[in-house]
Amino acid sequence: MTPTRHFRIASIPGDGVGSEVVAAGRQVLDALAAASHGALGFTWEEFPWGSDYHARTGKMIADDGPDRLRAFDAVYFGAVGWPTVPDHVSLWGLRLRLCQGFDQWANVRPVHFLPGITSPLRTADTTPLDWVVVRENSEGEYGGFGGRNFAGRGPGGEIAVQSAVFTEVGCERIIRFAFDLARTRDRRKVASVTKSNAQQYGMVLWDEVFARVAADYPDVETESVLVDAMAAKFVLAPQDLSVVVASNLHADILSDLAGALAGSLGLAASANLNPERRHPSMFEPVHGSAPDIAGQGVCNPIGAIGSAALMLEHFGLAQEAARVRRAIAATCASGVLTRDVGGTATTKDVTAALIDNLAD
Ligand SMILES: NC(=O)c1ccc[n+]([C@@H]2O[C@H](COP(=O)([O-])OP(=O)(O)OC[C@H]3O[C@@H](n4cnc5c(N)ncnc54)[C@H](O)[C@@H]3O)[C@@H](O)[C@H]2O)c1
């Protein structure tokens, strides 16, 4: 029988722990499909792109890779980066190439505090905490503009320019996205993060767009906070956060901080969305390839499994996404934890426990 709701997913495990966590996420989604009595189906195709592929071919992705990915409903990504390839080559050659090429301009990074996980924040014991970082994912500091020159002047003479690019269109679409997201949450609030006191062009443009867009959402509370102050606020007053919208670099840093505050980078999920759906969106854990623990079977799969839940939501499968999130919470609460969150379980143990908990 053909499933009534069927999705084609391209998986790119990439490097290091990427293959371990992508395998875990696939197992969870396949278990969900198996239990759906034919209502749901996923077809996977795996692509070998990453640093090993680079060693064989000199490329991070096949020339026709982006075109082949267009045929899929979504991309499920692990991580990229390995000591054999310079990080800026691997990141630009694969992840950033896909994010920019598919105009995945909204990067959504929810921050969940899970039962059974100890947060370094004392307030997490007594205060419900839950916020989401919305990252501008197409321009800003990662626009890729700049260059290096003057190497001919000899040792010490080279210069490098790395320009950040802020367009009015780019600022407006991500800020509107953040306001629309805030309207779906209990606390209707958007905090805008910049460093417009020091960066007087691009980030002042961002501030102006934020003020203009905010006027269209009188029901949503707002604040504008400098990025250094927001870093402190994440630690000292996280209960005051709901949606935090920031530039590509700022949100990248803040979301790693948020992952650590929730207990581990291994827990943090993310969605790279092309909200207009002209191109496939891409779902990946926030963490990188973790070379220090790769291949040992001990990495935390929850960030990748949470990213699979975001992919289900993108497919319109909100109930199934909620079921995966309940299974994540139940698994953590039952104490089946990898060592980054104080446990002794392996990646496979956590995945198996989580699949058992899907049944509840
Ligand atoms: N989206 C991406 O593909 C992405 C993101 C960040 C870094 N990177 C790349 O990854 C490589 C390593 O970078 P890094 O060390 O700065 O960051 P990282 O996220 O790979 O690791 C940082 C720390 O978090 C731990 N960690 C990460 N994922 C974990 C998991 N699932 N379970 C348990 N612990 C986990 C690691 O062991 C390490 O101690 C670099 O090549 C970097 O460029 C890729």
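Glu-20 is found in helix 1, in a model that is predicted. With 26 C-beta neighbours inside 10 Å, Glu-20 counts as buried, because 20 or more are enough for that label. Pro-301 is 281 residues away in sequence, yet the C-alpha atoms of Glu-20 and Pro-301 are 7.6 Å apart in space. When neighbours within four places in sequence are left aside, Glu-20 is in contact with Gly-297, Cys-299 and Thr-347.

Seven of the 10 residues of strand 1, which covers residues 5-14, are buried, so the strand is largely enclosed by the rest of the structure. Strand 1 and strand 2 run parallel and are joined by seven bridges. Leaving out residues up to four places away in sequence, Pro-13 touches Gly-18, Ser-19, Val-22, Glu-46 and Gly-78. Pro-13 and Glu-284 are 271 residues apart in sequence, while their C-alpha atoms are 9.5 Å apart in space.

The loop between helix 1 (18-34) and strand 2 (40-46) holds His-37. The phi of His-37 is positive, about 55°, although His-37 is not a glycine. His-37 has 9 C-beta neighbours inside 10 Å and therefore counts as exposed. Arg-277 belongs to another loop, the one between strand 11 (269-273) and strand 12 (281-285). Phi of Arg-277 is near 60°, again a positive value in a residue other than glycine. Arg-277 counts as exposed because it has 10 C-beta neighbours inside 10 Å.

The next step is the division of the chain into domains. The domain assignment gives domain 1 as 1-111 + 264-360 and domain 2 as 120-261. The C-alpha centres of domain 1 and domain 2 lie 24 Å apart. Where the two meet, 19 residues of domain 1 are in contact with 20 residues of domain 2. On the domain 1 side, the elements that give two or more residues are helix 4 (87-101) and strand 4 (106-112). Strand 4 provides the largest share of that side, six residues. By residue type, the side of domain 1 that touches domain 2 divides into 12 nonpolar, five polar and two charged residues.

Strand 10 pairs with strand 5 (residues 130-136) in the parallel sense over four bridges. Here Arg-135 has Ala-246 of strand 10 as its bridge partner. Strand 8 (residues 189-194) also runs parallel to strand 10, and three bridges join them. In that pairing Val-190 stands opposite Val-243.

In soluble globular proteins, nonpolar side chains tend to be buried together. In this model the largest nonpolar core has 100 residues, and those with the most contacts inside it are Val-134, Ala-178, Val-244, Val-245, Ile-305 and Ala-308. Helix 9 (residues 302-314) gives the largest share of this core, eight residues. Domain 1 and domain 2 both contribute residues to the core, so the core lies between them. Ile-305 touches Ala-24, Gly-25, Val-28, Val-324, Ile-328 and Leu-354, not counting residues up to four places away in sequence.

Terms used. Residues numbered from 1 in each chain as written. Predicted model: local features only at pLDDT ≥ 70, side-chain atom pairs only at ≥ 80, totals over all residues. Domains from an automatic or database assignment. Contact = placed C-beta atoms within 7 Å. Nonpolar A, V, L, I, M, F, W, Y, C, P; charged D, E, K, R; others polar. Buried ≥ 20, exposed ≤ 12 C-beta atoms within 10 Å, placed from the backbone. Core = buried A, V, L, I, M, F, W, Y, C linked by C-beta atoms within 7 Å. Pairing = 2+ DSSP bridges.
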